[in-house]
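These are my notebook entries on a structure that I had not examined before. I record what I looked up, one topic at a time.

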Amino acid sequence: MFRFKCTSCDEWHEGMPTFGANAPLYFYGIPAEERGERCALDSDTCVVDQENFFVRGCLEIPVHGETDAFSWGVWVSLSRDHFAEFKACYDTPKRSHIGPFFGWLSAELPLYPSTENLKTLVHLRDDGIRPCIELEPTDHPLAVEQRNGISVDRVAEIYAFFMHPQQ
Ligand SMILES: [Zn+2]
């Protein structure tokens, strides 16, 4: 069992943590009172004004020495056509052969320089698993982490940021 010591409170935590947003960053930019009318949001897809299309995926970062990857739950925008393809195979168990699709990251992750609109590829996965999001291999620190992996200490640091936000 993967376990690590929280860097803030020194408690041990078991299991690989995951953090993410329930909607694209773009969604949060729509005034709250207009979202009901302009946005269609569910657990895996979001459409704004019937012309901005988003899907939820997993931006996975390998952890040195561990089997499980750390995962950021993130949203990316797709073109109208690719979103239609995504929806068409949404309930199909075998779909990993479709795509990948280009997507702009619609997420602002803490602990990094701005991550909004980083370029990604969206890889569909079989058996209902959320797509995995591959960042363009730039020198952005998030892309470097996805490429090179992170230490258990870095996982603990991210965990502490979310679990002890007042500190
Ligand atoms: Zn803690």
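Entry 1: I began with the bridge partner of G103 in strand 9, and found it to be T120. The model I am reading is a predicted one. Strand 8 and strand 9, the latter covering residues 119-123, run antiparallel and are joined by four bridges. I then followed T120 onward: its bridge partner in strand 10 is L135. Strand 9 and strand 10 also pair in the antiparallel sense, over four bridges.

On the other pairing of strand 8, I noted strand 7, which is antiparallel to strand 8 over two bridges. Here S77 has W104 of strand 8 as its bridge partner.

I next looked up the faces of these strands. In strand 8, F101, G103 and L105 form the covered face, while F102 and W104 form the uncovered one. In strand 10, the covered face holds I133 and L135, and C132 and E134 make up the uncovered face.

**Entry 2: the cores.** Which residues have the most contacts inside the largest nonpolar core? I listed V55, V74, W75, V76 and L78, in a core of 25 residues. Several elements give two or more residues to this core, and I recorded among them strand 6 (52-61), strand 7 (70-78), strand 8 (101-105) and strand 10 (132-135). Helix 3 (80-88) and helix 4 (141-148) are also on that list, as is strand 5 (45-48). I noted one general point beside this: nonpolar side chains in soluble globular proteins tend to be buried together.

I took V76 as a case to follow. Leaving aside neighbours within four places in sequence, V76 is in contact with residues including F54, V55 and G57. Its other contacts include G103, W104, L105, T120, V122 and I133. Another core lies apart from the largest one; it has six residues, among them I61, V155, I158 and Y159.

**Entry 3: helix 4.** I looked up which residues of helix 4 are buried, and found L142, A143 and Q146. Seen down the helix axis they fall within an arc of 100°, so they line one face of helix 4. P141 and N148, on the other side of helix 4, are exposed. The buried residues of this helix pack against strand 6 and strand 10. After helix 4 comes G149, whose phi is positive, near 85°.

I then examined L142, which lies in helix 4. Why does L142 count as buried? I found 22 C-beta neighbours inside 10 Å of L142, and 20 or more is the requirement for a buried residue. Not counting residues up to four places away in sequence, L142 touches L109, Y112, T115 and L135.

**Entry 4: helix 5.** Helix 5 (residues 152-163) has twelve residues. I read 16 Å from its first C-alpha to its last, close to the 16 Å expected at 1.5 Å a residue. The buried residues of helix 5 are V155, I158 and Y159. They cover an arc of only 100° around the axis, which puts them on the same side of helix 5. Strand 1, strand 2 and strand 7 are included in what covers these buried residues.

**Entry 5: D10.** Is D10 buried or exposed? I found D10 exposed, as 8 other C-beta atoms lie within 10 Å, and a residue counts as exposed with 12 or fewer. D10 is placed in the loop between strand 1 (3-5) and strand 2 (12-14). Between D10 and C132 I noted a separation of 122 residues in sequence and of 32 Å in space, C-alpha to C-alpha.

**Entry 6: the whole chain.** I closed with the overall figures. The protein chain has five helices and ten strands. Its C-alpha trace spans about 45 × 40 × 30 Å along the principal axes. Among contacts between residues at least 6 apart in sequence, 53% join residues at least 24 apart.

Definitions and conventions: Residues numbered from 1 in each chain as written. Predicted model: local features only at pLDDT ≥ 70, side-chain atom pairs only at ≥ 80, totals over all residues. Core = buried A, V, L, I, M, F, W, Y, C linked by C-beta atoms within 7 Å. Contact = placed C-beta atoms within 7 Å. Arc of directions from axis to C-beta. Pairing = 2+ DSSP bridges. Expected span 1.5 Å × (residues − 1).
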